Amino acid sequence: MIQPDPTPPRRAFWQGLRDGGPFILIVGPFGLVFGVVATEAGLNVVQTMAFSIAVIAGAAQLAAIQLMVDDAPTLIVLVTALAVNLRMAMYSASLVPHLGAAPLWQRALIAYLMVDQAYATSFLRYERDPGLSLQAKVAYYFGVITLVAPVWYLGTLAGALLGEAIPASIPIGAAVPIAFLALIGPMLRTLAQVAAVLVSVLGTLALGFMPYNTGLLVAALAAMATGAAVEVWTARHRPQVRA
Amino acid sequence: MSLSQSTIWLIIALLALGTFGLRFSFLGLIGNRPLPEWLLRLLRYTPVAVIPGLMAPQVFRLNAATGWPDPALLGAVVATLAVGLWRRNAIWAMLAGALTLALLTALR
């Protein structure tokens, strides 16, 4: 039986702030890099800020700027950058069982703030504490993002204003996989999750030839199916392992 | 870049709308309607199915000179995953990975 989790929303918010806050160590420098790259590409400060505030998706923004610098057709810029963000639709679907009952305005705000770190940190917490109330889940999510989003904006602003005063090669690029893969270790509890990770990695590498990042989507769907299949198989053979 | 000011603004506006649409999609449209059990089971694997694949091409990118992936980055990824598994905490994992990356890069 799942016991109701007594965590009040206010405490959940602070827990979220504590769990998500340290991500600013990587989000701040990443925003700085985007600000520098965008202004060096020819965007003014207002456009650069509009980009980071309206889109909040670093990888897609950098992909778009790269193509804009290359004078790619507008449609190609849009398709490529949105393809990088297609995974957000999968995040959105996986949050339905947890946050679908929240009021529309809260769901809209959650959607606007759906960056990988906030999503994965919250999802991990929801899976660990199935008894968490809806209000506590929403509060936790907002706690996780409370520092991350403003630091993304401020990082971008600093990069846009300082521009060339910043050394061209901040080695932030190499650190980005660290910030994403840090989310994965804590999630690996079962054989099914490990199998999903392996299919995701091998599938994406094998499907690298597919255009517009679609290989990632196919690999991710295959990985989800693998995880679910291994879960069913494990439960059938060792019914006691799934609590 | 030779894009006009209006084109730049158009790209920013459409990217913002499109990205919000992707993020809002299921959460906004399905809302509180119940999902079938098989779909819930699939969705539970979303983060572990998406994030490793998202990062794999960068982690395993072959260095043009050596023909091998970057050993410093590989070492940092192993440290990140190991500490994440051990401590069950993403922040410790991230710090361990960043520290390993800095050390291995400095030693090179």
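A residue counts as exposed when its relative accessible area is over 50%, as buried when that area is under 20%, and as partly exposed in between. That matters here for the aromatic side chains of this predicted model. Rings pair if their centres lie within 6.5 Å, and by that rule there are eight aromatic pairs over all chains.

**An edge-to-face pair in chain A**
- Take Phe13(A) and Trp14(A): their ring centres are 5.6 Å apart and the planes sit at 85°, so this pair is edge-to-face.
- Trp14(A) comes out at 52% relative accessibility, so it counts as exposed.

- Phe24(B) is buried, at 18% relative accessible area, whereas Phe20(B) is partly exposed, at 31%.

**A ring cluster in chain A**
- Phe30(A), Phe34(A), Phe51(A) and Trp152(A) are joined into a cluster by ring pairs.

**Charges over rings**
- In chain A, Lys137(A) has its charged end over the ring of Tyr126(A), 5.5 Å from the ring centre.
- In chain B, Arg87(B) puts its charged end over the ring of Trp86(B), with 5.1 Å to the centre of that ring.

Methods:
Residues are numbered from 1 along each chain as its sequence is written. Chains are lettered from A and ligands numbered from 1 in the order in which they are written. This is a predicted model: local features need pLDDT of at least 70, side-chain atom pairs count only at pLDDT 80 or more; totals for chains, interfaces and linings use all residues. Side-chain values use heavy atoms; hydrogens and water are left out. Rings of Phe, Tyr and Trp (its six-membered ring) pair if their centres lie within 6.5 Å; planes under 30 degrees apart count as stacked, over 60 as edge-to-face and the rest as tilted. Buried means under 20% relative accessible area, exposed over 50%, partly exposed in between (1.4 Å probe, protein chains only). A charge sits over a ring if NZ of Lys or CZ of Arg is within 6 Å of the ring centre and within 35 degrees of the ring normal.
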